[in-house]
Amino acid sequence: MRKHPRTHDVIIIGGGHAGCEAALAAARMGCRTLLLTMKLDTIGLMSCNPAIGGLAKGQLVKEIDALGGGMAKATDRYAIQFRRLNSSKGPAVRSSRAQVDRQAYCRYMKSAVENQSGLSLKQAEVEEMIVKEGIIQGVKTDTGQEFFGSTVVITPGTFLNGLIHIGLESFPGGRIGDAPSIRLARQLKDLGFTLGRFKTGTTPRLDGNSIDFSKLEPQRGDEHPIPFSFSTGEIEQAQVPCYITYTNPETHQIIRSGLDRSPLFTGVIEGTGVRYCPSIEDKVMKFPGKDKHQIFLEPEGLNTVEFYPNGLSTSLPNDIQLKMLRSIEGLEKVEIIRPGYGIEHDYVEPTQLKPTLETKMIESLYLAGQINGTTGYEEAAAQGLMAGINAALKVQGREPLVLERSEAYIGVLIDDLVTKGTKEPYRMFTSRAEHRLILREDNADLRLTEKGYQVGLVSEEQYERFKAKKEAIERELSRLRRVRLKPTRANIEMLQGFGASPIKNAVSFEELLRRPEITYQKLKKFDFEQFPEITAEVAEQVEIQIKYQGYIERELDQVRRFRKLANLKIPSEVDFQRIPGLSNEVCEKLTNIRPLSIGQASRISGITPAAISILMIHLKKLGYIEGAGHKEK
């Protein structure tokens, strides 16, 4: 075994979305970083659909950008259609989504990691971790090399003991055409980690030259695209439509005819699938009364004929896949370029992690992405970014970065995983965030840029832009509180023209903007010459903060009250088994998860308010907390 002569600060295993963010973050923070991947040509590759964002996922991408990550910038550079979802609803549930040129995105991320100072790349399969006395030392590869590092981040995606299914044919693979990582999965189990098995899948890829688009309904993007990155100016990339079609009763009958050769329905696939993104065969069987399902035909890029039929994920045999597709309007003569398939992979039960994503069992070992039981590019990238940041901070002897649930969707994601675990592939939704009104897409930079700057990921230039935006918002909010509108005849007529009731006395512009009929743009018409020139972003923030002020203040008050609980730390030496009054079940859960605070303990499934009271009384007796405050012993 050849030892690599240089010791690294951070070693990243895997070059997917989590691995790219982790590697870029660690290197940009000044750490000597090594990225090991099985195939350099597929760094940052979108294995499934050619899209970034979506409901709640858009928030994750914006937060990654605010902290200094790369996904949003890559998306803006090569997105070929932008759409803001739920645009007619309140700001708490609005989310951005973009179709992306799949190969161009991959080339962008590969170039980003190749040209990042302080980051080295090696193509090799990691077969073994070097662990001594419970501390990670480095890794061994299939090329006969040992690489030593202070910290290691594992981001294997679906490659961890991956098994691909097409009909009743099964073969090892991390992605079709790529080998799985089997020895690493075996070692994790040998080290004592609890592993589970999940299933995901993808659709067949279609030849666009064989699709009859004249029969299909085009779905165009937003006329004025809103970028993902707060540093992006105008979107210059050409924009193209997607297309909508539907399955029908004939399609469903063809699917049912192939279930005797479906790995999902014959028991070949044992892993738990993604409930919120089921295969087409699953949808047909679970909703027998529904005679059609919507399909979105998404272009894979500007310079390819491949289309991704979103909504047709399947692991049916090849012949059934082709028959099924050709029964759909517009696809009567379609040809399959690549078949759809299901894939099973191992994951590590995420309650075995700290909120920093460091494992509890092996010091300085971090896990990120689908290995933690998640699904989706955005969830993986968010974890990769946080794992890379915390690995770098550990090397530098600095305090870790842990985002609270009230600070970011990323905080919700990680807290859900490490506190509650998951029994199915975890996907982010706005409903998972109890403070979603203050965790909006539009204010991700206001929430997180400061933290990104403090850890060293946000550049001086970006930070100065952020400060200027923040100051502009505060100035305009202050101005609107001061400036008043008088009840002149012209002003009253203009109000009535907007559908608003007249005023009898002078009112501030802030009070006017609270009215549902009045927007910031309408407000400008009352005093056009006096209104300052501000960006659309600043105007949006001003309007949201004024219109939703009462709700936002109520939410912030809840956060402040809950933070008192969250700040009551539970010392690592506390023996839960010795606390009188706690049930065996509660003791077992507290011992396994080892919550860091009363707040985290209260979110563990099955931990009752009564158990929390007993725990707090015990900590108070031991002198760890006093009254509403606390002190560390």
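Helices and strands are here DSSP runs, of at least four residues for helices (H or I) and at least two for strands (E), numbered from the N terminus. On this basis the chain of the predicted model contains 20 helices and 25 strands. The radius of gyration is 26 Å, close to the 26 Å given by the globule rule for 633 residues, so the chain is as compact as a globular protein of that length. The C-alpha trace extends over about 80 × 75 × 50 Å along its principal axes. Of the 633 residues, 56% are buried. The accessible surface amounts to about 27300 Å², and carbon and sulfur atoms contribute 48% of this area. Among contacts between residues at least 6 apart in sequence, 72% join residues at least 24 apart.

The mean pLDDT of the chain is 93, with 97% of the residues reaching 70 or more. Residues 627-633 have a pLDDT below 50, and this stretch makes 16 contacts in the model beyond near neighbours in sequence.

Helix α10 comprises twelve residues, 409-420, and its first and last C-alpha atoms are 16 Å apart, close to the 16 Å expected at 1.5 Å a residue. Eleven of these twelve residues are buried, so α10 is largely enclosed by the rest of the structure. The buried set consists of Tyr409, Ile410, Gly411, Val412, Leu413, Ile414, Asp415, Asp416, Leu417, Val418 and Thr419. The elements covering these residues include α2, α9 (377-395), α18 and α19. Just after α10, Gly421 adopts a positive phi of about 75°.

In helix α6 (residues 249-257), the buried residues are Thr251, His252, Ile254 and Ile255. Viewed down the helix axis, these residues fall within an arc of 160°, so they line one face of α6. In an α-helix there are 3.6 residues a turn, so residues three or four places apart point the same way. The buried residues of α6 pack against α7 (280-286) and α8 (318-326).

Helix α12 covers residues 460-482, and its 23 residues should span 33 Å at 1.5 Å a residue; the separation of its end C-alpha atoms is 33 Å, in agreement with that expectation. Buried positions in α12 are Gln462, Tyr463, Phe466, Lys469, Ala472, Ile473, Glu476, Leu477, Arg479 and Leu480.

Gly452 lies in α11 (residues 444-455) and is buried, with a relative accessible area of 0%. Apart from residues up to four places away in sequence, Gly452 touches Leu67, Leu457 and Val458. The C-alpha atoms of Gly452 and Gly289 are 50 Å apart in space, the two residues being separated by 163 places in sequence. Tyr453, likewise located in α11, is partly exposed at 26% relative accessibility. Between Tyr453 and Phe230, 223 residues apart in sequence, the C-alpha to C-alpha distance is 14 Å.

His8 belongs to strand β2 (residues 8-13). This residue has a relative accessible area of 2% and is therefore buried, the threshold being under 20%. Beyond residues up to four places away in sequence, His8 is in contact with Arg32, Thr33, Leu34, Phe147, Phe148, Gly149 and Ser150.

Positive phi values also occur at two residues other than glycine. Ala56 has a phi of about 70° and is found in the loop between β4 (51-53) and α2 (57-67). With 0% relative accessibility, Ala56 counts as buried. Arg594 has a phi near 50° and is placed in the loop between α18 (584-593) and α19 (598-602). In contrast to the buried Ala56, Arg594 is partly exposed, with a relative accessible area of 26%.

Conventions
Residues numbered from 1 in each chain as written. Predicted model: local features only at pLDDT ≥ 70, side-chain atom pairs only at ≥ 80, totals over all residues. Heavy atoms only, no water. pLDDT = per-residue confidence, 0-100. Contact = heavy atoms within 4.5 Å. Buried < 20%, exposed > 50% of the residue type's maximum accessible area, 1.4 Å probe, protein only. Expected span 1.5 Å × (residues − 1). Rg over C-alpha atoms; globule rule 2.2 N^0.38 Å. Areas by Shrake-Rupley, 256 points an atom, 1.4 Å probe, with all protein chains shown as cover. Arc of directions from axis to C-beta.
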